Amino acid sequence: LLSSLARSTTSFSLWRQSFLPSIGSSIRQDTYTRFRRHTSIMSSVVPSSLSFVDIGANLLDERFTDGIYNGKVRHEPDWDQVLQRAVDNGVTHIILTAGTLRESRRALDLVRELRQKNDTLYFGCTIGVHPTRCTQEFVDIDVDAEQVLEELQKLAIDGQDDKSVVAIGEIGLDYDRLQFCSKPVQQEYLERQLVCFQSASELEN
């Protein structure tokens, strides 16, 4: 299990690095411009009969909520336009992903808010701590790690009541970025999160 998760998470990480390289702001802006152009082209070529589910929407990012890139405001917040482009391109379901306890709380609150405002898209979210964030979330903190796990468990149970929480994530193993979190810490808190969320499922049932 740990080996397969490591491979899948690393594969995603490598794809992400090739798509969004850590280079100068001018090139990042060019990437952003080309992405905008690409979505416009996609609108005209995607068959209307196709439907899509975005299983990993990072809509909690300040790029969408505030138009901020690398600490600078680059454009007006375009949250509504992002969602409209999704609808225009056949997206019917959006799952907001979380990578920390704080993001998990925000994702759950936001999904409930969006469900009240938008009846075109189905919204759900994930609960969990990303492998590269395990040190900051479970080790370099002033409270016991078990307390963080209990908070995650409570969110998972709460979100199951109205089906706002639809998956556990982002959890796993990311050996491509060990500068953020060591293998032993990633492995420990992957296992502990799995136990935590299994308990949440049993308590809910």
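Me: Which residues line the second largest pocket?
Reply: In this predicted model, the lining consists of Trp79, Asp80, Leu83, Gln84, Val87, Leu110, Glu113, Leu114, Lys117, Asn118 and Thr120. The volume of this pocket is about 170 Å³.

Me: What makes a residue part of the lining?
Reply: A lining residue has an atom within 4 Å of a pocket point. Trp79 and Thr120 are among those that line the second largest pocket.

Me: Which helices supply at least two residues of that lining?
Reply: Helices α4 (79-88) and α5 each do. The most comes from α4, which gives 5 residues.

Me: How does the lining of the second largest pocket divide into nonpolar, polar and charged?
Reply: There are 5 nonpolar, 3 polar and 3 charged residues. Leu and Trp count as nonpolar, Asp and Lys as charged.

Me: Why are α5 and α7 called roughly parallel?
Reply: The axes of α5 (residues 101-117) and α7 (residues 145-161) cross at roughly 15°. Angles under 35 degrees count as roughly parallel, and α5 and α7 are therefore roughly parallel to each other. Their axes come within 10 Å. The crossing is left-handed.

Me: Which residues make the contact between α5 and α7?
Reply: From α5 come Leu101, Ser104, Arg105, Leu108 and Arg112. From α7 come Val148, Glu151, Leu152, Leu155, Asp158 and Gly159. Contact here requires heavy atoms within 4.5 Å.

Me: How do the residues of that contact divide into nonpolar, polar and charged?
Reply: The contact of α5 with α7 has 5 nonpolar, 2 polar and 4 charged residues. Gly counts as polar, and Gly159 of α7 is one of the contact residues.

Me: What kind of peptide bond joins Gly169 and Glu170?
Reply: A cis bond, with omega about -5°. Glu170 sits in the loop between β6 (165-168) and α8 (183-204).

Me: What is phi of Lys163, and where does Lys163 lie?
Reply: Lys163 has a positive phi of about 60°, and is not a glycine either. Its place is the loop between α7 and β6.

Methods: Residues are numbered from 1 along each chain as its sequence is written. This is a predicted model: local features need pLDDT of at least 70, side-chain atom pairs count only at pLDDT 80 or more; totals for chains, interfaces and linings use all residues. Side-chain values use heavy atoms; hydrogens and water are left out. Axes are lines fitted to C-alpha atoms, for helices over the stretch in contact, and angles run from 0 to 180 degrees between N-to-C directions. Helices (H or I, at least four residues) and strands (E, at least two) are DSSP runs, numbered from the N terminus. Angles under 35 degrees count as roughly parallel, over 145 as roughly antiparallel, 65 to 115 as roughly perpendicular and the rest as oblique. A crossing is left-handed if the near helix is turned anticlockwise from the far one by less than a right angle, and right-handed if clockwise. On a 1 Å grid over the protein atoms alone, a cavity is a set of points where a 1.4 Å probe fits but cannot get out, and a pocket is an open set with protein on both sides within 12 Å along at least five of seven lines; lining residues have an atom within 4 Å of a point. Grid points are joined across faces, edges and corners, and a volume is the space filled by probe spheres set on the points.
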